[in-house]
Amino acid sequence: MAAARDLKATEMGGAESGDDAVELAKRHLIQPWPFAGSVGAEARALIGEGDGIYITDSTGKRLIDGPAGMWCVNVGHRREELAKVMYDQAIALSYNTPWYTMNAPSAELAKRIAGHAPGDLSHVFYTTGGSSAVETALRFMQFYNNVRGRPEKKLILSRGGAYHGSTYLSASLNGRPRDRDWMDGADELVIKLSSPDPFRRPRGMGLTAFTDFLVDQFRDTIARVGAERIGAFVGEPVQASGGVVVPPDGYLKRIREICRDNDILYVSDEVVTAFGRLGHVFASGDVFGIDPDMITFAKGVTSGYFPLGGVIISERLLEELRRSNHPDAMFGHGLTYTSHPVGCAVALKNLDLLEGGVLAHTQAVAPYFQTQLKTLEELPLVGEVRGMGLMGCVECVADRENKNPLQLDKDVGKRIDAHCHELGLLVRPLINMCVMSPPLIITREQIDDMVGILREGISRTMDDLRKEGVWRG
Ligand SMILES: Cc1ncc(COP(=O)(O)O)c(C=O)c1O
């Protein structure tokens, strides 16, 4: 552990003397996903440094970065190669307008990304992150159907438990509990289907029957609404922020086939699963055997060192547009930072690191990570531990028979997080769940540390709940 030291705001990047970052944040910063009662008046754990799989908070406490930032710091913190390439690119060319000009790193990166993508996904449109990638895919679907003379074919199929972003249209697809309680959305454009969550499948239903149920629901919805009105299905291969929901075997392939049969574009949202999280650059083809019409990506593409995302689009769709009767129809969509040279340069170096060993390492340690995490099912508060690759989730329940989440003043995930923070691990609390997605460079020994802390954090939480008389496990 690093010696405790007080990281003053000035060391954190030059806040006014006398005022530390915590005070400044409370007075001037709006954090993401705030509650009305504390909006603009809240400080969060102040992080000063990162190194490998660790981050250091303002008290000097070193923590394992359990969520790798937000599923993004895939090759780990403090990679000098990445910092240097960003510096070099910014000195060579910090920005160019993508409206009338282009840069070499974006073209080179597009070629390399296409080389890893399944099927005929050949072209990349870059965005600033995941929400704008999903937004771009959906606006492309609308444009594509307008040009093809099918302006009615615009509805979007999404699922419970999904998370696709925080822009208006992408957020309209979100299906996690609480996300939309106080927020508007383009609900008239979206149809929500069941989450493919095997843990929450109807009581008494086997896995095969559950898969059939999901597939039948998908097919019946198309029959009821009409394929001529549905433009796209958007789905994460593994629902990440919904609690690492790994779908049942064969489900994604069957959904893909139904989309193909009904001329519905399949958009695979790989904002989390791409760039190594499941041991491959893309999981759609290499892990799940599907070839979507579009794949969205972000986060791990730069290991979080620069905000970048994108959509990879099928050659077939582009060819159809090029041959359409409307060569003058314009896809009126583009962001100032589309194809940003610094983002693309760092993504190229990040891809070198992934191809040069990080993917192989992930494949090697992932089974150990899953086995060790699974041992937490010994704890009576834990209903299920599940995961894939280097994604994992511990779901807590009041009792295993009914799988009820605990109704508490403070979510059980937050309670576990507080104990783990004390013990040296940052976890991502999600209501009654804790999600883990460490940097991909994590070693077996570090996995042992992580799981050991999590076990102790959950045990302390169980003691608290017993003492408070709110749980009797
Ligand atoms: C699957 C998925 N899609 C889209 C997004 C939105 O990405 P961003 O926050 O970069 O806009 C996220 C963010 O967590 C995500 O997990």
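Ala, Val, Leu, Ile, Met, Phe, Trp, Tyr, Cys and Pro count as nonpolar, Asp, Glu, Lys and Arg as charged, and the others, Gly among them, as polar. The model is predicted. Its chain is divided into domain 1 (9–77 + 357–468) and domain 2 (96–339).

- The centres of domain 1 and domain 2, taken over C-alpha atoms, are separated by 27 Å.
- The two domains do touch: 28 residues of domain 1 are in contact with 19 residues of domain 2.
- On the domain 1 side, α2 (68–71), α11, β11 (382–388), β12 (391–396) and β15 (433–436) each supply at least two residues.
- Helix α11 gives the most to that side, with 5 residues.
- The residues on the side of domain 1 that touches domain 2 divide into 17 nonpolar, 8 polar and 3 charged.

**The largest nonpolar core**

- The largest nonpolar core has 122 residues.
- Ala137, Ala232, Phe233, Ile312, Leu425 and Leu454 touch the most other members.
- Helix α11 (residues 341–374) supplies the largest share of this core, 14 residues.
- Both domains take part: the core draws at least three residues from each of domain 1 and domain 2.
- Take Ile312 as a case. Leaving aside neighbours within four places in sequence, Ile312 is in contact with Ile113, Ala114, Ala117, Leu121, His123, Val124, Met294 and Ile295.

**A sheet and its hairpin**

- An open sheet is formed by 4 strands in the order β1-β2-β3-β13, and the pairing is mixed.
- Strands β1 and β13 (425–426) stand at the edges, each with a single partner strand, so one side of each has no neighbour in the sheet.
- Strand β1 (residues 47–51) pairs with strand β2 (residues 54–57) in the antiparallel sense, over 4 bridges.
- Two facing pairs can be named here. Asp51 stands opposite Tyr54 in β2, and Gly50 stands opposite Ile55 in β2.
- The hairpin of β1 and β2 has 2 residues between the strands.
- In this hairpin, Gly52 takes a positive phi near 65 degrees.

**A closer look at Ala186**

- Where does Ala186 lie? Ala186 sits in the loop between α6 (168–172) and β6 (190–193).
- Why is Ala186 partly exposed? The count of other C-beta atoms within 10 Å of Ala186 is 14. A residue is buried at 20 or more such atoms, exposed at 12 or fewer, and partly exposed in between. Ala186 has 14, so Ala186 is partly exposed.
- Not counting residues up to four places away in sequence, Ala186 touches Tyr168, Leu169 and Ser172.
- Ala186 and Val246 are 60 residues apart along the chain, and 27 Å separate their C-alpha atoms.

Technical notes:
Residues are numbered from 1 along each chain as its sequence is written. This is a predicted model: local features need pLDDT of at least 70, side-chain atom pairs count only at pLDDT 80 or more; totals for chains, interfaces and linings use all residues. A nonpolar core is a set of buried Ala, Val, Leu, Ile, Met, Phe, Trp, Tyr and Cys residues joined through C-beta atoms within 7 Å. Domain bounds come from an automatic or database domain assignment. Two residues are in contact if their C-beta atoms, placed from the backbone, lie within 7 Å. Two strands pair if DSSP finds at least two bridges between them.
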